Amino acid sequence: MSHCPFHYDEYRSLDNDLIARFIDVFPLALITCQSNTGVIASHLPLFRNTDNSLFGHADRHNPLLRDGIIFEAHIVFMGPSAYIPPEAYINKQLPTWNYVAVHMTAKVQPIDNEEENFTILQQTSRYLAREENSFIPERDDPRVVRNLPGICGIRLVPSHVEGRFKLSQDKSPEDRAAALAWLMCKPRAEENKLLQSLLDI
C-alpha cells in the first residue's frame, strides 16, 4: 500500500509528540487494507507502546486478520470536526470545514498466542483506566476464560505517520482563534438526537 502524502503543507504535521498526544486522546482507528476480494475496513482502538509500535485486539473472525498473515494497512485516527460558517469569523471569510486527524501506514501483525493476547487485554484496560478501582482483567475471571479464545491481538509497526490538522491556518490569528472556538463549542443537538435514535435499532 503506497503512501499518499497529499495535503496542503500548512495543515500537515510531523511533530511526533503532538501526534502521540492525539492518538492517546482519540485512540479509535479506522484500519483499511486491500484483500483479494476488495478493501477491508474495521474500527479498532489502538494504543502506543514505548517503542512507537501500537497494539490492539479484535474478534478472531475479523476479516482483517486473514489467518495470521502480516499485512500493510492505512490507518486514520479522527478527532473533532465542524463546518465553520462565515459568522464564526471576526473578519469576512468564506465557510470551510475544519478537522483534526492522524494518518498512518503500518505493518499489522496478528498475534496468535493466548497469553500474549491476555496481556494485551490487561494493557488496554490499564491504558483506559480512569479510576483507581477501574476494571483490569484477571486470568481466572470466567468471562475472560470464556472469551479469550475468540480474541486476537495485533501489533502495528508504522512506516509513515502524519497529522492532518486543518484549523484555518490560512486565516489571520484572530480568525483562526475564532474558528477554533466555534469548533470547540459546536452545537451538538443534532448529534445527540441521532445517538438517542440509535438506541431504537
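Helices (H or I, at least four residues) and strands (E, at least two) are DSSP runs, numbered from the N terminus. On that basis Ala-177 lies in helix α4 (residues 173-184), and Glu-162 is found in strand β8 (residues 151-166).

This is a predicted model, in which local features need pLDDT of at least 70 and side-chain atom pairs count only at pLDDT 80 or more, while totals for chains, interfaces and linings use all residues. Residues are numbered from 1 along each chain as its sequence is written, and side-chain values use heavy atoms, with hydrogens and water left out.

**Accessibility**

Buried means under 20% relative accessible area, exposed over 50%, and partly exposed in between (1.4 Å probe, protein chains only).

| Residue | Relative accessible area | Class |
|---|---|---|
| Glu-162 | 0% | buried |
| Cys-152 | 4% | buried |
| Ala-177 | 45% | partly exposed |
| Cys-185 | 57% | exposed |

The side chain of Glu-162 makes a polar contact with the side chain of His-160, at 3.1 Å. A polar contact is a pair of N or O atoms within 3.5 Å; within protein, one must be able to donate a hydrogen and the other to accept it, and residues adjacent in sequence count only if both atoms are side-chain atoms.

**Cysteines**

The whole structure contains 0 disulfides, a disulfide being a pair of cysteine sulfur atoms within 2.5 Å. For Cys-152, the closest cysteine sulfur is in Cys-33, 13 Å away, which is too far for a bond.

**Nonpolar cores**

A nonpolar core is a set of buried Ala, Val, Leu, Ile, Met, Phe, Trp, Tyr and Cys residues joined through side-chain atoms within 4.5 Å. The largest one has 33 residues, and those with the most contacts inside it are Ile-31, Leu-46, Ile-75, Phe-77, Ile-154 and Leu-156. Elements that each supply at least two residues of this core include α1 (16-25), β6 (71-84), β7 (96-111), β8 and α4. Its largest share, 6 residues, comes from β6. Apart from this core lies another, of 5 residues, among them Phe-118, Leu-121, Val-144 and Leu-148.

Leaving aside neighbours within four places in sequence, the residues in contact with Ile-75 include Ile-31, Leu-46, Val-102, Met-104 and Leu-156; contact means heavy atoms within 4.5 Å.

**Largest pocket**

About 330 Å³ of space lies in the largest pocket. A pocket is an open set of points on a 1 Å grid over the protein atoms alone, where a 1.4 Å probe fits, with protein on both sides within 12 Å along at least five of seven lines; lining residues have an atom within 4 Å of a point. Of the 13 lining residues, the closest to the centre of this pocket are Phe-22, Phe-26, Pro-80, Val-100 and Leu-167. The largest share of the lining, 4 residues, comes from α1.

Methods:
Points joined across faces, edges and corners; volume = space filled by probe spheres on them.
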